[in-house]
Amino acid sequence: MAQKPAIPKGTRDFSPVEMAKRNFIFDTIKSVFLKYGYQPIETPAMENLSTLMGKYGEEGDKLLFKILNSGDFLAKADESLLAQKDSVKSTIQISEKGLRYDLTVPFARFVVQHQNEITFPFKRYQIQPVWRADRPQKGRYREFYQCDVDVVGSDSLMNEVELIQIVDDVYKALNINVLVKLNNRKILTGIAEIIGEADKIVDITVAIDKLDKIGLDKVNDELAQKGLSDEAINKLQPIINLSGSNAEKIETLKTVLSDSEVGVKGIEELETVFAYLATLDIKTEVELDLTLARGLNYYTGAIFEVKALDVQIGSITGGGRYDDLTGIFGLKNVSGVGISFGADRIYDVMNQLDLYPKESIVSTQLLFINFGEKEALYSLKALQSLRNAGIKAELYPDSVKMKKQMAYANKKEISFVAMAGENEMNEGKVTLKNMTTGEQQLVTVEEMIKIIG
RNA sequence: GUGAUUGUAGCUCAGCUGGUUAGAGCGCUGGAUUGUGGUUCCAGAGGUCGCCGGUUCGAAACCGGUCUUUCACCCCA
């Protein structure tokens with residue numbers, strides 16, 4: 001036990017059954033992405049630290065996995081810096097690469113680097129793992145998959161609408177009940193302007209983001225702690241407490257934010273998105289939620305978040321519009337909007353609710369019992385025809401006790417077992433056993449294909 | 001990063017205030033049944049009690065450290 005190998009904290013192995021379930025999720029998401037005209041790309045697991053650092057805030061920098069330089073990296077490093085024992089400064093000396101933290105920043109890098117080969121608007125999806133040196137807990141891992149869809153090079157709000165359609169399609173296909181929360185960063189900026197605390201926008205959004213969790217009083221406490229005047233906090237109250245239908249909320253905001261140019265722009269954008277959505281057949285409820293802020297600093301327009309309604313877990317999908325992201329890498333005026341599906345959390349939700357369709361987890365459909373070399377060769381021929389007909393079939397490789405071979409079929413949940421011994425071979429047939437009913441019949445290969453297929 | 005929490009057979013767990021050969025259920029292997037699994041019966045294998053160190057005549061149990069699990073904060077998918 002003690003000597004057994006282990007895997008690093010916050011990482012997981014996936015068994016065949018788990019992989020079948022995960023692939024069902026990935027395949028579903030992928031097929032929806034393709035349906036909307038998005039194309040796949042992949043980027044390396046590691047990026048230069050210079051492209052990663054500073055993009056996720058100070059916290060994010062700490063959560064980046066850094067890769068030690070190759071060779072005698074300590075000898076090449078500046079001794080005086082190492083002697084200071086300052087981890088942040090020393091990192092630059094001994095590490096120049098890191099594991100990607102999300103897919104959006106590498107994508108921005110990709111767009112800038114390949115700008116001359118890309119046709120805009122560029123619609124891409126990307127399904128790859130990302131790594132964060134976070135402390136693991138429920139629904140939180142150090143290695144997890146993101147499924148990103150983004151479109152860059154288009155300002156049209158049609159894209160926002162399309163992303164919501166995609167969310168609706170994906171969760172309909174997965175059979176998960178969700179709520180889409182929608183907000184707009186411009187409205188948040190407008191609010192900060194109106195109450196005269198424009199420079200505290202980040203503190204304000206972080207605080208009101210917690211409303212659900214800690215309640216109104218504590219949010220106000222936190223706001224005061226961040227240095228907001230009582231007057232500003234008072235002005236904020238009607239906004240934090242905003243309720244009613246989406247249309248009602250928008251009406252209220254219109255009067256409150258009428259003096260803020262950005263705020264008005266934000267309201268217009270939201271109104272347009274809701275108006276477009278109203279003309280479409282969308283099953284999922286979309287709710288305007290002003291407390292939705294999301295930590296990432298680069299959102300400039302719409303902000304999305306998707307919550308599962310039947311399971312208590314963090315958000316399972318999130319995203320938004322970012323006008324300036326490629327600007328960091330030197331390409332100006334390219335606006336993008338995208339969302340990210342958290343495959344691992346979706347997996348946890350699906351598991352808890354047991355939502356997998358039976359077909360999604362079948363492996364082998366038919367097992368041939370091995371009675372010996374001559375019989376095995378006879379079975380092999382039949383297997384070719386079955387496989388050509390699209391049936392997943394296998395032959396037990398060793399001619400061991402039948403009991404053992406049957407137990408193997410049972411454990412792998414193979415629904416049919418075929419037996420071809422001397423009698424069957426003489427007739428040019430096989431005995432087919434249905435493992436759920438226990439019935440057996442003598443049939444030809446063609447008949448088998450009909451029964452199983 | 002802060003504060004808690006967990007770790008005993010492949011799995012889920014028991015093991016009282018430290019005292020001889022550490023237990024159960026399930027699973028696994030073999031047999032009853034040498035061309036029939038999933039049910040039943042019988043037998044068997046499997047554990048330096050997470051790891052390192054300390055206290056003690058004696059530690060799975062007490063203490064320290066470390067790794068791991070889970071949870072809250074922070075942040076986030």
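Predicted model: local features only at pLDDT ≥ 70, side-chain atom pairs only at ≥ 80, totals over all residues.
Pairing here takes at least two DSSP bridges; strands are DSSP E runs of at least two residues and helices H or I runs of at least four, numbered from the N terminus. Thr-317 has Phe-341 in S11 as its bridge partner.

Angles, from 0 to 180 degrees, are between N-to-C directions of lines fitted to C-alpha atoms, for helices over the stretch in contact.

| Helix | Strands | Angle |
|---|---|---|
| H9 (residues 185–194) | S7 (178–184), S9 (302–308) | about 50° with S7 |
| H16 (residues 343–353) | S6 (143–152), S9, S11 | about 40° to S11 |

Now for the second largest pocket. Its lining has 21 residues, with Ile-361, Val-362, Ser-363, Lys-412 and Glu-413 nearest the centre. On a 1 Å grid over the protein atoms alone, a pocket is an open set of points where a 1.4 Å probe fits, with protein on both sides within 12 Å along at least five of seven lines, and lining residues have an atom within 4 Å of a point. Domain 1 (16–353) and domain 2 (363–452) each give at least three residues to this lining, with bounds from an automatic or database assignment.

Residues are numbered from 1 along each chain as written, and chains are lettered from A and ligands numbered from 1 in written order. Local features need pLDDT of at least 70 and side-chain atom pairs 80 or more, while totals for chains, interfaces and linings use all residues; side-chain values use heavy atoms, without hydrogens or water.

Definitions and conventions. Contact = heavy atoms within 4.5 Å.
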